[in-house]
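Please open the model in your viewer and keep the sequence panel beside it. The tour below goes from one selection to the next and says what is found at each stop.

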Amino acid sequence: MEPITICTGLKNRSQNYLHLLDSINQCQNKELIELSVFDCNSKDMNNLKREIESKWDGNLTFKNENINFTRAYTFNKAIKQSNTELVFICDADMSLPTNIVELLNKYISTKSSWFPISFHLDKNGENGKYKTEGKGIFATTKTQLKEVGFFNEEFTSWGDEDWEIFFRFYKNGIRPHRTWEQFLIHNYHESKRPEGYKSIYE
């Protein structure tokens with residue numbers, strides 16, 4: 001199997017990322033996983049890089065920049081600094097299935113990328129539902145991203161940047177493969193979108 005990089009952009013979600021890291025440490029073929037983190041000068045933890053290194057003995061690329069967070073910009077930076085061809089764009093609020101390396105190798109191919117449907121837990125962490133509208137967690141190759149174009153950095157708020165890039169995969173003839181993933185879990189957090197917000201793509 002080919003190695004993968006899990007790419008995440010952060011701003012004051014340090015503890016969330018360490019929870020994600022706990023699930024990554026349970027993954028099979030962990031030696032094939034690189035972590036790429038681009039941090040926007042988080043203030044919620046004294047030294048996030050040191051905390052990650054205390055939990056992770058694999059490959060890590062970590063960079064910090066004192067800028068305002070936008071999902072499009074920070075994830076583009078995390079992707080571009082990665083060192084593998086297969087990349088997985090992953091929010092800090094996720095927990096991953098143990099076979100994540102196998103899944104990426106299975107679903108990513110020439111003219112095919114992976115946009116899984118994750119399971120979203122409720123506030124109590126006991127129940128939840130699949131959210132088919134979510135397109136922001138996905139995996140592809142860096143070659144295909146260069147062909148499609150990275151996240152559109154004109155999106156400066158949280159939302160719609162995922163739909164926009166999803167449709168660009170279609171337009172470029174790259175199939176965004178969709179699967180229902182029970183163990184790809186989005187852990188609860190308060191919505192960043194204003195009340196009543198509706199995506200222009202929905």
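**First stop: threonine 8**

Begin by selecting threonine 8, which is buried at a relative accessible area of 0%, where buried means under 20% relative accessible area, exposed over 50% and partly exposed in between (1.4 Å probe, protein chains only). Threonine 8 is found in strand E1; helices (H or I, at least four residues) and strands (E, at least two) are DSSP runs, numbered from the N terminus. The model is a predicted one, in which local features need pLDDT of at least 70 and side-chain atom pairs count only at pLDDT 80 or more, while totals for chains, interfaces and linings use all residues. Residues are numbered from 1 along each chain as its sequence is written, and side-chain values use heavy atoms, with hydrogens and water left out.

Which residues are in contact with threonine 8, leaving aside its neighbours within four places in sequence? Taking contact as heavy atoms within 4.5 Å, the list includes Tyr17, Leu20, Val37, Phe38, Phe75 and Asp91.

**The nonpolar cores**

Next, select Ile33, Ile52, Phe88 and Leu96, the residues with the most contacts inside the largest nonpolar core, which has 33 residues. A nonpolar core is a set of buried Ala, Val, Leu, Ile, Met, Phe, Trp, Tyr and Cys residues joined through side-chain atoms within 4.5 Å. Among the elements that give two or more residues to this core are strand E1 (4–10), helix H1 (14–24), strand E2 (33–39) and helix H2 (48–55). Stay on isoleucine 52 and show its surroundings: not counting residues up to four places away in sequence, isoleucine 52 touches Tyr17, Leu18, Leu21, Leu35, Val37, Leu60 and Phe62.

**Helix H6**

Move on to helix H6 (residues 161–171), which is mostly covered, since eight of its 11 residues are buried. Among those buried residues are Glu161, Trp163, Phe166 and Phe169. The buried residues of H6 pack against helix H3 (71–80), strand E6 (112–114), strand E9 (138–141), helix H5 (142–148) and strand E10 (175–177). Past the helix, look for glycine 173, which follows H6 and has a positive phi, near 75°.

**Salt bridges**

Now show the charged side chains. If a salt bridge is a side-chain nitrogen of Lys or Arg within 4 Å of a carboxyl oxygen of Asp or Glu, the count comes to six salt bridges. Select arginine 71, which is buried with a relative accessible area of 3%, and then aspartate 91, also buried, at 9%; their side chains meet in a salt bridge (3.0 Å, N to O). Arginine 71 forms a salt bridge with glutamate 161 as well, the closest N and O atoms being 3.3 Å apart. Because arginine 71 lies in helix H3 and glutamate 161 in helix H6, this pair ties together parts that are 90 residues apart in sequence.

For another pair, select lysine 55 and aspartate 22, whose closest N and O atoms are 3.1 Å apart in a salt bridge. Lysine 55 is in helix H2 and aspartate 22 in helix H1, 33 residues apart. Lysine 55 counts as partly exposed at 34% relative accessibility, and aspartate 22 counts as partly exposed at 36%.

**Last stop: an open sheet**

Finally, show the open sheet of four strands, whose order is E5-E11-E7-E8, with mixed pairing; two strands pair if DSSP finds at least two bridges between them. The edge strands are strand E5 (94–95) and strand E8 (128–130), each pairing on one side only. Strand E7 (residues 117–121) runs antiparallel to E8 and is joined to it by three bridges, and glycine 128 in E8 is the bridge partner of leucine 121.
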